[in-house]
2 protein chains.
Amino acid sequence: MKARVHVMLKDGVLDPQGEAVRHALGSLGFLGVEAVRQGKVIELELSATDEAAAEVEVRAMCEKLLANTVIEKYTIEIG
Amino acid sequence: MKARVHVMLKDGVLDPQGEAVRHALGSLGFLGVEAVRQGKVIELELSATDEAAAEVEVRAMCEKLLANTVIEKYTIEIG
């Protein structure tokens, strides 16, 4: 079973990487870019076959390793 | 208008970051993880209002800056 996790900085947390991308896009002539946020996407291939159990496991992975929940939020897609 | 870009290493390109995550998850007791690929997600807030034009612009951003198309693939979601 596949799972995909998105980890983004929480709203309100400064995102210097996204800001650098926005600036670089402006320099390249892309003037219609108002804001950029950059995050991580993690694709997992799991041996679990039960969707609900997989989501519980992936949530535990996020809390323990994949996201820094002080400053980051995450979303999980299963399947 | 919002756009979301996923940038992942192409299949077959070694992903040491994903491999490190897989290893770390195993060390934490998550034994059902068979493979991990890690990539970037970039969320853009665009001033464009036309969906087709926005996609063309974001595709140009990917080719010029956001992805290294030699080793990375990207997908674009608009709206």
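Let me start with a term: a residue is buried when its relative accessible area is under 20%, exposed when over 50%, and partly exposed in between, using a 1.4 Å probe and protein chains only. By that rule A:C62, at 0% relative accessibility, counts as buried. B:C62 is also buried, at 0%. A disulfide is a pair of cysteine sulfur atoms within 2.5 Å, and a search of the whole structure finds zero of them over all chains.

Now the ground rules. This is a predicted model, in which local features need pLDDT of at least 70 and side-chain atom pairs count only at pLDDT 80 or more, while totals for chains, interfaces and linings use all residues. Residues are numbered from 1 along each chain as its sequence is written, chains are lettered from A and ligands numbered from 1 in the order in which they are written, and side-chain values use heavy atoms, with hydrogens and water left out.

Next, how the chains relate. Copies are superposed by least squares on the C-alpha atoms of residues with pLDDT of at least 70 in both. Chain B goes onto chain A by a rotation of 180°, with 0.0 Å of shift along the axis and an RMSD of 0.0 Å. The two copies are therefore related as by a two-fold rotation axis. The same surface serves both copies, since 100% of the contact residues of chain B recur in chain A; contact means heavy atoms within 4.5 Å. Which residue of chain B comes closest to the rotation axis? That is B:K40, with its C-alpha at 2.3 Å.

On to helix α1. Helices here are DSSP runs of H or I with at least four residues, strands are runs of E with at least two, and both are numbered from the N terminus. In chain A, α1 covers residues 16-27; at 1.5 Å a residue its 12 residues should span 16 Å, and the end C-alpha atoms are 16 Å apart, which agrees. The expected span is 1.5 Å times one less than the number of residues.

A:G18, A:V21 and A:L25 are buried in α1(A). Seen down the helix axis, the buried residues of α1(A) fall within an arc of 60°, so they line one face. The arc is taken from the directions between the helix axis and the C-beta atoms. Turned away from that side are the exposed residues A:P16, A:H23 and A:S27. The cover over the buried residues of α1(A) includes β2 of chain A, together with β2 and α2 of chain B. Just after α1(A), A:G29 takes a positive phi of about 100°.

In chain B, the buried residues of α1(B) are B:G18, B:V21 and B:L25. They cover an arc of only 55° around the axis, which puts them on the same side of α1(B). These buried residues pack against β2 and α2 of chain A together with β2 of chain B.

B:Q38 lies in strand β2, residues 33-46. Is B:Q38 buried or exposed? At 10% relative accessibility, B:Q38 counts as buried. Leaving aside neighbours within four places in sequence, the contacts of B:Q38 include A:K40, A:V41 and A:I42 from chain A, and B:M8 and B:D15 from chain B.

B:K64 is in helix α2, residues 51-66, and counts as exposed at 57%. With neighbours within four places in sequence again left aside, B:K64 is in contact with A:L28 and A:F30.
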